[in-house]
Every structure is written in C-alpha cells, then in structure tokens.
Amino acid sequence: MTQRFEFALSARDGRARTGLIKTPRGDIRTPAFMPVGTAATVKAMMPENVRATGADILLGNTYHLMLRPTAERIDALGGLHTFMNWDRPILTDSGGFQVMSLSGLRKMSEEGVTFKSHIDGSKHELTPERSMEIQRLLGSDIVMCFDECTPFPATEAESLRSMQMSMRWANRSRAAFGDRPGYALFGIQQGSVFKDQRAESAEKLREIGFEGYAVGGLAVGEGQELMFDVLDYAPEMLPDDRPRYLMGVGKPDDIVGAVQRGIDMFDCVLPSRSGRTGQVFTRRGVLNIKNARHQNDPRPLDTECRCPACQHYSRAYLHHVFRSQEIISSMLLTWHNLQYYQDLMSGLRAAIAAGDLATFVADFHATRALGDV
Ligand SMILES: CNc1nc2c(CC[C@H]3O[C@@H](OC)[C@H](O)[C@@H]3O)c3nc(N)[nH]c(=O)c3cc2[nH]1
C-alpha cells in the first residue's frame, strides 16, 4: 500500500488512456466513474453495495456537508470515511458549484462567496482557504480547488473575468492546502467555450502545479456537441501524466465520447438520481420502468447485467414496486444503474488496453440503435 498519491498510465488508444491512480486508501482504475455521495451517502445504497458495483472511489460535497452535519462534527467523529463507512478513496467537490446552484442570497467577491443555507437560511462563507479547511476536516483523499463554475452562456469578457478569478483562487487553494503527502489537490480549468481562455487557464494551473486537473465549466447546458468541441482541445492542454477529471459528466454516450478525447475520471448524479425516478440504463438504451408496457414483462432489465435487480427480478416486478413507491424500487434501480455505469467503465478500460476502443465504441452505439429496450 502506497503512502503517496501516484498515477501511472498502462495503455493508450488514440487520445484515450487507461491506468491506475494509487492512493493510501486504495487504487482507482481509470477511466473511472465516481458515484455521487453528496450528503455522506450514495442515496438508496449501502457502501458495501456501492463497492460491489465496482466503484473504486466516490464523491462527497463540501457545500452540503458544511451545512449539515458540519465538517467540524464529521472530523470530531473520525472523518468522512469512518462516518459513512467507506474506507476507499473519496473525492470532494469544493462547494462553489453548489453555492451558485442551491443557496440563496449570495454575495460574490474576490475574497469568496457569502450565502444563505438552502436548509435553514443561516449565513455562511466559502473562500479558497475555508474550502481547503473543510475538505481537510472531512479527510477526503482528492480535494478540489475552490473555483467559480462559469455559467453558460457567458460573453468572452464575462468568461475571462470568471476564469481569471478562479485561477487566483486556485493559487490560494494551493497555498492553503499545505504539504499533505498521500492527499491530492486538483486544479480546475475554466474558460467556457473559448479556446484561448482554456489555454490561459491550463497554463496558469500548470505554473501552480497540481496532482490532477479537472475540466470544469462544462455540462452546464452547452449541449453535447459544444462540449465535445471543447474536449477536442481542452484536455490535452493539461499535463499528460496527471489524471484528467471531467466534472459532472454524464450520460453514457457523453462518457464514451469524453474517454475518446482523453478524459480519465467522471462523476454524475444521473445514474443514482434516475434510479429514483424510474429511468433505467441498459445496453440497448434507456427505458422508464413507470411505463405500463412493463407491467406483464417477465424479462430482466438487461440480460447481460449481473446486478441483483437483473438476477432476481422481472421488469413487471420493478414496474409494480416503482408504481407502489416501495423503497426497494430506489434500491434496485439505483444499484442497476450504477452497475451499468461501472460495467461501461470496465468495458472502456479493457478496450483501451486491448487497443480496440473503436470496435467497442461502434458496438456501444450499434447496440443502442437496436431499440426494443
Ligand atoms: C452537472 N454538471 C456539472 N457539475 C459540475 C460541478 C459540480 C459537480 C458536483 O455537483 C454535483 O452534481 C450537480 C455532484 O455532487 C458533483 O460532485 C463543478 N464543480 C466545480 N467545482 N467546478 C466546475 O466547473 C463544475 C462543473 C460542473 N458541471
């Protein structure tokens, strides 16, 4: 077991890469999908079952945990890993994104952001320094810089101002993070859809130096085509020998396209959130179990899936428990969707290692085109 944070690439196929991030709390196979455990739980899942889907790392959020139960309380109780009974790596986002999307009465300045809690209206402040302190108290293995996720659309001037502030905040995040062997601080590239700004941001992050780099400011409503246009150049502006994390992405075909463009790490609420709303991912595409067409269907969701839902239950049963709003519905559909995402990632890793990613991608799209989900 290493006491350091290390990343080693083992194979490439075009711009795609597969490798291993080694941390004191365990290894992360890349390309990796990180289930989102926002408030110290991947909703409807026991941690051992999250692990059973194949997840090597999960994600927590500074914004939610600082409000409730507070980082100080989690620290006093032994840190987030002990608190939520997950002893493998945890990545925590830095809070800026959620402040802008969830909180009320925000005031942004060079110092940081003051805001009112969406839970009880209490006043709070997030700065690069405070975000680093919170993530240290939580004990997360991969810490994200405090940034501003530039809204979309933004004018070139708005985007430049926002990116340059995030780069100053990245500097302050690095300084406040301190010297913590075995823990990693990731910088976050901004610059919206402007190539020159993406380059300026990458250059600034390189100068500061981080253990990993995220492509931020995407999956904010720009659409897949524009996102891929940016990914055609943005990841490769970042250091080649460090993990590249595309924040908040995404749908299965988003992930496949982003892996082809050099991304190593992903997080998205989609598989877990949709599990609770009846949306199911299968190799043939997406279905909604709520639809009456499933009520007599004895087949599993996906014949190739090894999850408990597909091994032991029919679509008819899953339709019934969803309609009846039974708790087991969220449990089984969330497990299935997370299993589907992890199976997709392991398929991508194997294809890159074998040098036949093109075949994998062609098959991925062809199977979804068959219909009859
Ligand atoms: C969905 N699209 C998207 N999410 C994004 C997130 C939050 C992800 C986090 O927010 C939550 O998902 C909404 C999850 O808990 C996840 O950890 C981002 N976070 C930061 N710090 N900077 C970004 O530029 C950024 C961009 C995103 N685009």
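Helices (H or I, at least four residues) and strands (E, at least two) are DSSP runs, numbered from the N terminus. With those names in hand, let us walk through the structure. It is a predicted model, in which local features need pLDDT of at least 70 and side-chain atom pairs count only at pLDDT 80 or more, while totals for chains, interfaces and linings use all residues. Residues are numbered from 1 along each chain as its sequence is written, and side-chain values use heavy atoms, with hydrogens and water left out.

Take the loops to start with. G250 has its place in the loop between β13 (244-246) and α10 (252-260). A cis peptide bond, with omega about 5 degrees, joins V249 and G250. Another cis peptide bond joins F152 and P153, with omega about -5 degrees; P153 is found in the loop between β10 (142-144) and α7 (156-177). Your eye may also stop at S192, which is not a glycine and yet has a positive phi of about 50 degrees. Look for S192 in the loop between β11 (184-189) and α8 (195-208). As background, most residues other than glycine have a negative phi, and most peptide bonds are trans.

Now turn to the strands, where two strands pair if DSSP finds at least two bridges between them. Strand β1 (residues 6-13) and β2 run antiparallel and are joined by seven bridges. Within this pair, A11 stands opposite T18 in β2. The hairpin of β1 and β2 has two residues between the strands, and G14 takes a positive phi near 70 degrees there. Strand β2 (residues 16-23) is also joined to strand β3 (residues 26-30), by five bridges, and these two run antiparallel. Here G19 stands opposite T30 in β3, and a hairpin of two residues links β2 to β3.

Finally, visit the ligand. It is surrounded by 21 residues, the closest being L59, N61, Q98, D147 and L218; a residue is near a molecule if one of its heavy atoms lies within 4 Å of it. Both β5 (58-61) and α5 (96-102) supply at least two residues each to this shell. Sorted by class, the shell has ten nonpolar, eight polar and three charged residues. In this sorting, Ala, Val, Leu, Ile, Met, Phe, Trp, Tyr, Cys and Pro count as nonpolar, Asp, Glu, Lys and Arg as charged, and the others, Gly among them, as polar.

Which residues place an N or O atom of the side chain 2.8 Å from a nitrogen atom of the ligand? One is D93, and another is D147. A219 brings a backbone N or O atom to 2.8 Å from a nitrogen atom of the ligand. Taken alone, the ligand exposes 550 Å², and the protein buries 90% of that (areas come from the Shrake-Rupley method with a 1.4 Å probe).

Notes: Polar contact = N/O pair within 3.5 Å; in protein donor to acceptor, adjacent residues only side chain to side chain.
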